[in-house]
Amino acid sequence: MEKKITLKPFQRVLSGYETLSKTALSISDCSELAEKYKQFGVDGYRIGDYSGPSYLNRYLDCSIKSAPMLVYKRDVFIPMVFRSANESQKLFSEPSRMPGFFVLLDWLIENRPEKAIISYRAPTEFSSGKMYVDSAYVAFRLSEILDGGGFPISRFKNLEEFVVWNRIYRLIESGQIGRHSRIFDVDNPTNVSELRMILQVVQLKYPETTFFI
């Protein structure tokens, strides 16, 4: 029987003069996850410090000390520190959730790295290329996809059904401004790529999902 993974209080998040209590995995749980998710690109685990504005603290600057992290594709570090929210625990209680986390993370790094990476700067020949993932944001966006849109999206049979639904729920936004702008733009390669990624994530939880684009 697989060991149950539970997030525990983590009080090493510093913001200004405050110590903020969040939740995190134990280092032994990180060891187990590193082994379990090798196929997705996890190389190992470590304890480390990092700092910067992130969703963990409403995008205020904070420093995190001795955080448990997964090492991902060598130069990407995924802190296993999260907000105290249902979406965080679901990462480890639902089998489809962590695989979806990696699918979403890969897409964000490729298309919107400033969303997924804390204090993102494009790697150069003079930089180390090391990046720290805003794990709390990725967990939140994953919850938007699966908890907010997963079930209805799994029932859609064509693109038009999604476009109509998305006008109301705005899971994908084109970034266009104006009364007649399209919320989802089928001519926008990033919008199309994001929808394909979302369908891949949703199918992990709802295998009957149709890839309609």
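**View 1. Tyrosine 206 in the segment after helix H7.** Tyrosine 206 lies in the segment that follows helix H7 (189-205); helices (H or I, at least four residues) and strands (E, at least two) are DSSP runs, numbered from the N terminus. This is a predicted model, in which local features need pLDDT of at least 70 and side-chain atom pairs count only at pLDDT 80 or more, while totals for chains, interfaces and linings use all residues. Residues are numbered from 1 along each chain as its sequence is written, and side-chain values use heavy atoms, with hydrogens and water left out. Is tyrosine 206 buried or exposed? Its relative accessibility is 17%, so it counts as buried (buried means under 20% relative accessible area, exposed over 50%, partly exposed in between, with a 1.4 Å probe and protein chains only). Leaving aside neighbours within four places in sequence, tyrosine 206 is in contact with Gly150, Phe151 and Ser154, where contact means heavy atoms within 4.5 Å. From tyrosine 206 to aspartate 29 there are 177 residues in sequence and 27 Å in space, C-alpha to C-alpha.

View 2. H3 is largely enclosed by the rest of the structure, because 11 of its 15 residues are buried. Among them are Phe101, Phe102, Trp107 and Leu108.

**View 3. Strand S4 and its partners.** Two strands pair if DSSP finds at least two bridges between them. S4 (61-72) runs antiparallel to S3, joined to it by 10 bridges, and antiparallel to S1 (residues 8-15), joined by two. Four bridges link S4 and S5 (residues 76-79) in the antiparallel sense, with valine 71 opposite phenylalanine 77. The S4-S5 hairpin has three residues between its strands, and lysine 73 in the turn has a positive phi of about 50°.

**View 4. Tyrosine 45 on strand S3.** Tyrosine 45 lies in S3 (residues 42-53) and stands opposite leucine 70 in S4. This tyrosine 45 is partly exposed, at 40% relative accessible area.

**View 5. Asparagine 57 in the S3-S4 loop.** Asparagine 57 is found in the loop between S3 and S4. At 9% relative accessibility, asparagine 57 counts as buried. Beyond its neighbours within four places in sequence, asparagine 57 is in contact with Ser15, Leu20 and Cys62.
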